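Subject: Structure handover

Hi,

Here is the structure you will be working with. Please open it first, then read my notes below.

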Amino acid sequence: DGSLVSQIEKEIESTVGKLLMKETPWAGFQGEEGFIYHTSNNSGYKWYMDPIDGTISFRNKLDTYGMTLTLVKDNTPIATVIDFPQLQQTFTVYKGHGAFKNQQRLNIKAKNINNKHAVVAHSDKYAFDLANRGHLYPKLANMPFVPRAYTDIHGYTLVAEGKVAAKIDIAGALWDLFPGFLLIQEAG
């Protein structure tokens with residue numbers, strides 16, 4: 001239909017959402033593409049899902065698109081899975097138990113971003129424009145680091161692996177922030 005949301009994203013989200021509604025009736029669900037349900041028990045648990053993070057990459061057959069599914073309790077992420085099917089990379093995190101890439105523990109050290117050689121991941125210009133912050137995009141060129149555009153969750157995984165110094169998430173969507181925050185926190 002000309003939009004960036006594909007029908008497959010809606011189908012994935014609906015299928016997973018309905019499965020989780022049945023298997024975890026104590027938790028609500030909110031997906032990026034609009035599938036949402038609430039629980040009546042006020043447990044504080046909720047699933048957040050981005051069925052395809054990096055739709056442009058997916059549509060152009062690039063391998064850096066992924067999927068995120070995060071369980072949150074009272075607005076605190078407690079578990080997440082991030083999967084990049086084409087890269088054959090799966091990140092799993094459980095609060096207090098570490099972060100893993102393909103079952104190998106991640107353990108990073110903080111990097112200084114005030115270094116002209118440090119790479120900082122950020123969203124692409126489309127995301128800046130969509131968030132009504134397009135005027136900020138040109139300012140990245142004047143920062144004291146090397147700015148590089150990545151899909152949101154891919155940028156977070158690169159931070160967790162210690163490959164980039166930081167991630168600027170201009171949109172601040174919960175299905176990106178919750179898994180990204182938990183992954184980086186548990187990776188060190």
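N132 counts as exposed, because its relative accessibility is 67% and exposed means over 50% (buried is under 20%, partly exposed in between; 1.4 Å probe, protein chains only). This is a predicted model: local features need pLDDT of at least 70, side-chain atom pairs count only at pLDDT 80 or more, and totals for chains, interfaces and linings use all residues. Residues are numbered from 1 along each chain as its sequence is written, and side-chain values use heavy atoms, without hydrogens and water.

N132 sits in the loop between α3 (125–130) and β10 (146–149). Helices (H or I, at least four residues) and strands (E, at least two) are DSSP runs, numbered from the N terminus. The phi of N132 is positive, near 55 degrees, and N132 is not a glycine. Most residues other than glycine have a negative phi.

Q103 also has a positive phi, about 70 degrees, and is not a glycine. Look for Q103 in the loop between β7 (99–101) and β8 (104–106). Its relative accessibility is 73%, so Q103 counts as exposed.

Now helix α3. L130 is found there. At 61% relative accessibility, L130 counts as exposed too.

Best wishes
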